[in-house]
Amino acid sequence: MTEAPAAADARVRLPPGTRLVDCDVHAVVPAIDALYPWLGDHWREVAATTQFRGPTDTAWPPTAATSMRPDLAGVAGVAESVADVRERALGPWQTETAILVCAYATEAVKNPDAAAALSRAVNSWVAETWLDAEPRLRGSLVVPALDPAAAAAEVDHWAGDARFAQVVLPVRSMTPYGNRLWWPLLDAVARHGLVLCLHAGGATGNPPTSIGWPTTYLEEYVDMASAFQAQLMSLVAEGAFSRYPDLRVLCAEGGFAWLPSLMWRFDRLWRGLRREIPWTTQRPTAYLREHVRLTTQPFDGPADAAGFARLLDQIGSAEMLCFSTDYPHWQYDQAADALPPVGDDDLRRILGDNARALYGLERRTR
Amino acid sequence: MTAAAGRAPTPLIDCDVHNALPADDALHPYMPAEWRERRDGLSYLPAQFRNVRENLGDRSYIGAEYPRPTPRASRVDAWPPGGGPPASDLAFTRAQLLDAWNIRYAVLNPLLGIGEMLNLELAGVLARAANDWLAAEWLDRDPRLRASIIVPYEDGPAAAREIDRLGGDPRFVQVLVLSRMIEPMGRRRYWPIYEACERNGLPLAVHNGGWGGHPITPAGYPSYYIEDAAAMAGAFQAQVTSLLCEGVLQRFPTLRVVLIEGGFAWLPALMWRLDRAWRKLRAEVPALDRPPSELVRERFWVSTQPMEEPERPEQFAELLEQLGMTEHIMFSTDYPHWDFDAPAQAFPIRLPPDIARRIQHDNAADLYGLGMPAAATATGR
């Protein structure tokens with residue numbers, strides 16, 4: 001357990017013909033002044049003349065054991081530059097495409113104009129300092145996550161840039177994303193054929209659990225799975241998948257072992273309560289299987305192949321899982337642990353095919 | 001869902017029955033003089049405004065309206081012909097539940113909203129009155145009945161006093177709290193309850209429901225009751241996680257926790273997730289000195305209704321194996337609620353007879369000490 005994890009190395013055996021897509025590589029804004037070139041005079045002056053340093057987000061305490069690979073402790077600039085991600089994430093895994101996620105907590109910023117300005121600046125920073133420099137990367141649009149109309153406008157602004165593959169929202173929201181308050185944003189996501197990525201974290205001020213604020217980060221980390229389930233329930237119950245038949249949702253960094261229990265509970269309740277949500281014409285599991293994908297890190301299923309096969313059978317198929325390293329977070333002890341214990345065919349799907357289909361990568365790049 | 005539908009072949013213990021007050025003022029005879037006088041002090045008001053409970057502090061959180069699918073979330077056939085709400089009439093409850101299904105023991109968990117009250121003093125008074133009402137009007141009248149102790153759980157010391165007051169009555173078999181509280185239940189404001197549970201040898205039961213004033217999901221307020229109902233499993237998971245991470249099970253080494261009406265298909269995934277996270281983050285929780293799954297399997301019990309229903313029936317057997325807690329699963333009907341599980345149809349597969357018997361009877365008999373036939377009435381009251 002204390003052995004430092006290497007990145008991919010000789011112990012990791014990728015199936016022949018793998019074209020790897022890493023669906024969760026983090027980009028970290030080093031400090032607010034990195035955004036100055038795109039922030040505009042007003043907000044630059046505010047940042048320079050106040051103590052405003054950008055949003056507060058403790059979803060990943062920087063020194064928590066899950067937050068940083070041990071070999072990176074004390075290393076400056078981790079995940080803050082293309083060079084770092086190339087060397088430590090893309091290279092070792094021979095990644096063909098990586099989805100870059102900057103979890104910039106605009107939902108913590110209550111000033112709506114500031115949240116919009118920061119979102120625009122982060123997206124510009126990603127476009128010009130990451131995507132321009134590294135063709136293997138795809139971006140995730142950061143939006144002001146308390147303001148659906150402004151969020152939709154931000155998505156529209158970038159719609160012509162096909163390098164942005166998705167819109168990322170923090171899974172811990174003020175109001176669940178299926179709610180019709182959010183339809184302007186979902187309209188925009190659907191209009192432009194983007195993926196909606198729900199990512200671990202979120203700092204709206206709502207407690208991380210329905211029973212208030214837990215004492216430890218360990219609890220918050222474990223309880224994050226309930227936030228993902230609440231969002232999926234909301235998207236199904238509010239009819240998002242009926243309204244947007246092509247909507248695709250990626251749950252990133254939330255685990256996946258909880259999915260069968262959600263399906264079984266939700267289907268049972270739907271049989272008794274569907275009158276309340278008549279636009280759901282199929283059982284919830286059908287919507288989840290068709291529209292939702294989940295990243296593999298943190299891996300929260302059983303480690304043995306038989307136990308994992310049973311879980312995968314309960315989930316429905318290997319098509320629901322998409323590989324992620326979650327760089328630079330530390331979810332696995334050995335690089336080999338990052339790979340689910342499945343046969344080569346399923347592994348190839350999880351390592352690349354599923355994500356290529358999810359993002360339409362062939363279509364976008366050729 | 002009638003007696004004719006099938007008598008259970010093995011003796012049954014029903015771990016979750018929701019008896020109800022026959023009328024809003026049913027607890028008044030059990031309230032202390034001080035509170036009755038306060039009611040008399042309201043004599044300047046028209047009669048309909050003199051109800052102490054409604055006028056002097058029956059305040060709770062407001063703003064989360066999720067209408068149930070039926071009145072009082074109950075089976076439409078559960079309204080007693082003689083009047084009153086479902087499960088408020090002992091004779092009708094006997095006929096429709098205890099006799100119809102040949103139930104050996106049933107554990108009463110009346111959901112009276114007492115633990116959610118903002119006026120803690122009134123909550124304490126009402127908890128005491130409710131327990132005395134349970135003893136006098138239910139437990140004294142049918143030897144098949146057992147009950148949970150109602151406590152004002154947001155007031156730890158007062159809850160502990162109530163547990164100590166009733167701990168000597170063997171018909172009270174556990175202490176009842178609801179799953180959505182003001183704080184995660186591992187936090188120390190609740191520790192006096194756990195001390196009292198240990199002192200009196202009583203399990204702690206966490207029942208589906210309640211509200212501590214927070215959005216009912218970590219993603220905020222959803223729109224529909226189906227989401228409210230489905231999200232309750234998240235509250236249970238947060239409670240289990242909190243009890244483990246705060247070291248409550250180490251600090252109170254004989255405490256046993258029963259999760260009622262929360263399902264259990266989420267528990268294997270939670271154990272996998274907890275164990276993996278604990279291996280990385282255990283420095284934060286020094287009191288949690290063992291893999292969390294070991295403690296879950298030793299110290300937690302679950303009730304069956306509303307069981308998640310696997311997509312394919314045989315997956316129920318897989319679930320039992322993933323859970324590894326067959327000796328800690330206890331049958332419940334949730335009578336008189338709309339999603340009542342009829343004993344004859346509760347399980348998606350035919351369970352092996354030894355497992356069926358454990359779940360339907362023996363596990364609860366062991367936990368609650370019901371293995372021997374009980375005396376017709378308890379003593380000491």
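How many helices and strands does chain A have? In this predicted model, chain A holds 12 helices and 8 strands. Its radius of gyration is 20 Å, close to the 21 Å that the globule rule gives for 366 residues, so chain A is as compact as a globular protein of that length. If you are setting up a view, the C-alpha atoms fill a box of roughly 55 × 55 × 50 Å along the principal axes.

Let's look at how the chain packs. Of the 366 residues, 56% count as buried. Among the contacts in chain A with a separation of 6 or more, 83% are between residues 24 or more positions apart.

Spanning residues 112-131, H3 has 20 residues and reaches 27 Å from its first C-alpha to its last, close to the 28 Å expected at 1.5 Å a residue. Its buried residues include A:Ala114, A:Leu118, A:Arg120, A:Asn123 and A:Trp125. What covers the buried residues of this helix includes helices H1 (36-49) and H4 (148-157), together with strands S2 (97-101) and S3 (137-142).

Now move along to A:Cys197, which lies in strand S5 (residues 195-199). A:Cys197 counts as buried because 26 other C-beta atoms lie within 10 Å, and the cut-off for that label is 20 or more. Leaving aside residues up to four places away in sequence, A:Cys197 touches A:Val101, A:Ser140, A:Gln166, A:Val167, A:Val168, A:Leu250 and A:Ala252. For a sense of scale, the C-alpha atoms of A:Cys197 and A:Arg310 are separated by 27 Å, and these two residues are 113 residues apart along the chain.

Note on methods. Residues are numbered from 1 along each chain as its sequence is written. Chains are lettered from A and ligands numbered from 1 in the order in which they are written. This is a predicted model: local features need pLDDT of at least 70, side-chain atom pairs count only at pLDDT 80 or more; totals for chains, interfaces and linings use all residues. Helices (H or I, at least four residues) and strands (E, at least two) are DSSP runs, numbered from the N terminus. The radius of gyration is taken over C-alpha atoms; the globule rule is 2.2 Å times the number of residues to the power 0.38. A residue is buried if 20 or more other C-beta atoms lie within 10 Å of its own, exposed if 12 or fewer, and partly exposed in between; C-beta atoms are placed from the backbone. Two residues are in contact if their C-beta atoms, placed from the backbone, lie within 7 Å. The expected span of a helix is 1.5 Å times one less than its number of residues.
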